[in-house]
Amino acid sequence: MLKGKVALVTGASRGIGKSVALALAKEGAMVAVNYYKDEKGAETVAREIVKKGGQALVVQGNVSIKEEAKKLIDATVEHWGRIDILVNNAGITKDGLLLKMKEEDFDSVLATNLKGTFHCLQEASKVMLKQRAGKIINISSVVGVIGNMGQTNYAAAKAGVIGLTKSAAKELAIRGITVNAIAPGFIETDMTETLSDKIKDQLLSNIPLRRLGKPEEVANLVCFLASQRADYITGQVLHVDGGLVMA
Ligand code: NAP
């Protein structure tokens, strides 16, 4: 589906980003694998892509810093001459109840999850506007749609990603660039590993499909949105959540 396309996946050293990078490569894309701290993880992802006959580039950078985000897009374009697909996946949580939420925890979650998405989107769209084509996929969360106790910072950032997606979709559509968001529910990664069994049981009772999602199930939708098959879809928020949230 993506033969010859060039993709950048932020936060691709593990979890959902790793699955997305591998799935895009499986569909034929050349993939820039971004990491922040986990160099080993990113190298492993890149090696796996190359082993299967694909092309990969490992790029370090903290998306919350404008210059570093620019460096990721520049490195991708320098290496392959273009950027067709951007997946804004990098994200963190720093949970705490509203009254106990530290200002620095609020700021850092906003800086990575929302501002990081903005930085990469802004830099990549400069290239895509010249190309008159591009697919941008932002990873939001069901928490950005319905909220969650203990996650005011995360919910604000992920709701922000949805607003950012819709506004950018309106601005960039004229040049053939689509911008969509995915709202995963609870997916089996390091991020959800720390949830207690009690919380997991409570969650499961609210999920109609009665299980957590797999990173590959998010990656499948990313591949579709990044392909020509999704050319007429933009500004949308698509849920991969086992039915947890129904509009
Ligand atoms: P994860 O396993 O914790 O992985 C997070 C990834 O983000 C890592 O590759 C990490 O890189 C990278 N990262 C963190 N801060 C970064 C920064 N400042 N700059 C660049 N990369 C950074 O998380 P995940 O569960 O796969 O989540 C991926 C995305 O899906 C996040 O946006 C998350 O909010 C969203 N999401 C997850 C779930 C879920 O249930 N898991 C549900 C809804 C939405 P390093 O390891 O190199 O530091």
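The model is predicted, so to speak of local features we ask for pLDDT of at least 70 and for side-chain atom pairs pLDDT 80 or more, while totals for chains, interfaces and linings use all residues. Residues are numbered from 1 along each chain as its sequence is written, and side-chain values use heavy atoms, leaving out hydrogens and water.

View 1. Helices are DSSP runs of H or I with at least four residues, strands are runs of E with at least two, and both are numbered from the N terminus. Gly-41, Ala-42, Val-45, Ala-46 and Ile-49 of α2 are buried (under 20% relative accessible area; exposed is over 50%, partly exposed in between, with a 1.4 Å probe and protein chains only). They cover an arc of only 135° around the axis, which puts them on the same side of α2 (the arc is that of the directions from the helix axis to the C-beta atoms). On the face turned away sit the exposed Lys-40, Arg-47 and Lys-51.

**View 2. The surroundings of α2.** Its buried residues pack against α1, β2 and β3 (contact means heavy atoms within 4.5 Å). After α2 comes Gly-53, with a positive phi near 95°.

**View 3. An open sheet of seven strands.** Follow the order β3-β2-β1-β4-β5-β6-β7, with parallel pairing (two strands pair if DSSP finds at least two bridges between them). At the edges, β3 and β7 each have a single partner strand, so one side of each is left without a neighbour in the sheet.

**View 4. Strands β4 and β5.** Four bridges join these parallel strands, and Ile-85 stands opposite Lys-135 in β5.
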